[in-house]
Amino acid sequence: MKKLLLTGFEPFLDFPINPTTHIVEELKGKEMNGYQIEGRILPVDYNKSGQEILEHIQDVEPDAVISLGLAAGRYKITPERISINCNESNEKDNEGNTPDGDRIQEEGPDGLFSTLPIKRFVEDLQLKGYPAEVSNTAGTYLCNHVMYQALYHFHENNLEVPSGFVHIPASHDLAVQHGKLPSWSQKDLTGAVKHIIQLLP
């Protein structure tokens, strides 16, 4: 059976709940669309998250990688089109790091495109009633960092492993605790990710 590495993040900044954690915990160990799901939670730490996803890739030897991240304020599921070779944030990570335009890989390309079928994700999610659109910016925070590190690994090693990043909205539980955030039920967030997995080649 093929293996899917599905990653999420721990809570961060002023978000005491990260719905990606719940999705990964619920789906890990399950079998879907011919894939065994290997779930991992990444730290919100520029110095660790990229290295950890590479370690998970080496450990799992996945046939596909989907990384999930919270985009608080977005109201649609947004598969990311591109990652850029840049770490920059005015907001601290969980260890207090605030990089200022540092390159993720010194000799790496300026950008790397998702190798997931993101347009099909969006089209089929919409048909199922889930608001979705392709995003052209993954930002320069940890989500972009993790997406770039995984894509760079496969690019440099000439491995044709579908890999990319999908941002999700806040859950209702997070919205209640945080304040004014557009949100989905955790059930619908998980359902949308399950549908994406069914579309993997």
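User: Which residues of α1 are buried, and what makes a residue count as buried?

Analyst: In this predicted model, where local features need pLDDT of at least 70 and side-chain atom pairs count only at pLDDT 80 or more, totals for chains, interfaces and linings use all residues. Residues are numbered from 1 along each chain as its sequence is written, and side-chain values use heavy atoms, with hydrogens and water left out. The buried residues of α1 are Pro 19, Thr 20, Thr 21, Ile 23, Val 24 and Leu 27. Buried means a relative accessible area under 20%, exposed means over 50%, and partly exposed is what falls in between, as found with a 1.4 Å probe on protein chains only.

User: Why is Glu 25 called partly exposed?

Analyst: Glu 25, which lies in helix α1, has a relative accessibility of 40% and is therefore counted as partly exposed. Its side chain is joined to that of Lys 28 by a polar contact of 2.9 Å. A polar contact is a pair of N or O atoms within 3.5 Å; within protein, one must be able to donate a hydrogen and the other to accept it, and residues adjacent in sequence count only if both atoms are side-chain atoms. Just after α1, Gly 29 takes a positive phi of about 90°.

User: Is Asn 18 buried or exposed, and how do you know?

Analyst: Asn 18 has a relative accessible area of 2%, so it is called buried. Asn 18 is found in the loop between β1 and α1, and a polar atom of its side chain lies 3.0 Å from the backbone oxygen of Glu 10. Once neighbours within four places in sequence are left aside, Asn 18 is in contact (heavy atoms within 4.5 Å) with Phe 9, Glu 10, Pro 11, Phe 12 and Leu 70.

User: How do you know that β1 is mostly covered, and which strand do its eight bridges join it to?

Analyst: Six of the eight residues of β1, which spans residues 2–9, are buried. Eight bridges join β1 to β3 (residues 35–42), and these two strands run parallel. Strands count as paired if DSSP finds at least two bridges between them. By that rule β1 also pairs with β4 (residues 64–70), in the parallel sense and over four bridges. Thr 7 has a bridge partner in β3, Arg 40, and one in β4, Ser 67, while Leu 4 stands opposite Ala 64 in β4. In general, strands of a sheet pair through backbone hydrogen bonds, either parallel or antiparallel.

User: What is the order of the strands in the open sheet, and why do β2 and β5 stand at the edges?

Analyst: The open sheet has six strands in the order β2-β3-β1-β4-β10-β5, with mixed pairing. Because β2 (31–32) and β5 (78–79) each have a single partner strand, one side of each is left without a neighbour in the sheet. Helix α2 packs on this sheet and touches β1, β3 and β4, with a direction at about 155° to that of β3. Helix α4 lies across β1, β3, β4 and β10 (163–168), and runs at about 165° to β10.

User: What makes α2 oblique to α4?

Analyst: Helix α2 (residues 49–60) and helix α4 (residues 142–156) pack at an angle of about 40°, with their axes 9 Å apart. That angle makes α2 oblique to α4, since angles under 35 degrees count as roughly parallel, over 145 as roughly antiparallel, 65 to 115 as roughly perpendicular, and the rest as oblique. Axes are lines fitted to C-alpha atoms, for helices over the stretch in contact, and angles run from 0 to 180 degrees between N-to-C directions. The α2 and α4 crossing is right-handed; a crossing is so named if the near helix is turned clockwise from the far one by less than a right angle, and left-handed if anticlockwise. Among the α2 residues that meet α4 are Ile 53 and Leu 54, and the α4 residues involved include Val 146 and Gln 149.

User: Why is α3 called oblique to α6?

Analyst: The axes of α3 (residues 118–127) and α6 (residues 186–198) come within 10 Å and cross at roughly 130°, which makes α3 oblique to α6. Phe 121, Asp 124 and Leu 125 of α3 make the contact with Ala 192, His 195 and Ile 196 of α6.
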